[in-house]
Amino acid sequence: MASTDLTHLYPVDANHLRRLRTRLERDAQAGDLLDIAYRTMDSAVGPLLLAATPLGLVRVAFANEDRDGVLLTLSERISPRMLEAPARLDPIVRQLDEYFAGRRHTFDVTLDWSLSRGFRRTVLEHLNTDVSYGTTASYATLARLAGSPNAVRAVGTACATNPIPIVVPCHRVIRSDGAAGAYRGGPVAKRLLLDLEHRG
């Protein structure tokens, strides 16, 4: 069945839609109905999808990840009460902008670790606190920091599935031979982030 285009009969006012979206966001937050707020932002590594819960930043997704798939996973694993609510993510957008401009070396945002459990979470927590801006660590070093020196492959998996890349800096984990290794955002993004930090 063919759909009929009714826009010429019912014109859409962009300003009206923006006001409705703002009201929906405000009412959802006031009624404690918003479990996940999300938005996109432009960055030096391409568009990023950001998502946060009341506990903190829960997901950063690159353009090479399926946006709809990321949102579906969030709705299944955390909550379907989700809304594009840019204002709620303004603080992390400001910090990411400062990071990409070379003016920020650490992030001051609360993190929601809901998408990481067990050893993976342990690895990411150590990565977040023990591998500082402008430095790198091997997968083996991170395995030792996480208390399991033989779990190098598991560290690789933890980094590959890191739900909060850039903020939790898995781009700083490289192979023992000095090669960059794989990265969720792709090799170009990883190289750009490493170069950015070495210049800063």
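Trainee: Why does F107 count as buried?

Mentor: F107 has a relative accessibility of 19%, and buried means under 20% relative accessible area, with exposed over 50% and partly exposed in between (1.4 Å probe, protein chains only); F107 therefore counts as buried. This is a predicted model, in which local features need pLDDT of at least 70 and side-chain atom pairs count only at pLDDT 80 or more, while totals for chains, interfaces and linings use all residues. Residues are numbered from 1 along each chain as its sequence is written, and side-chain values use heavy atoms, leaving out hydrogens and water.

Trainee: What makes Y99 and Y133 an edge-to-face pair?

Mentor: Rings of Phe, Tyr and Trp (its six-membered ring) pair if their centres lie within 6.5 Å; planes under 30 degrees apart count as stacked, over 60 as edge-to-face and the rest as tilted. Y99 and Y133 lie 6.1 Å centre to centre with 90° between the planes, hence edge-to-face. Both residues are buried, Y99 at 0% and Y133 at 13%.

Trainee: Which residues do ring pairs link into a cluster?

Mentor: The cluster consists of Y99, F100, F107 and Y133.

Trainee: Why are α4 and α6 called roughly perpendicular?

Mentor: Their axes, lines fitted to C-alpha atoms over the stretch in contact, with angles from 0 to 180 degrees between N-to-C directions, cross at roughly 75° and come within 9 Å. Angles under 35 degrees count as roughly parallel, over 145 as roughly antiparallel, 65 to 115 as roughly perpendicular and the rest as oblique; α4 and α6 are therefore roughly perpendicular. Helices (H or I, at least four residues) and strands (E, at least two) are DSSP runs, numbered from the N terminus.
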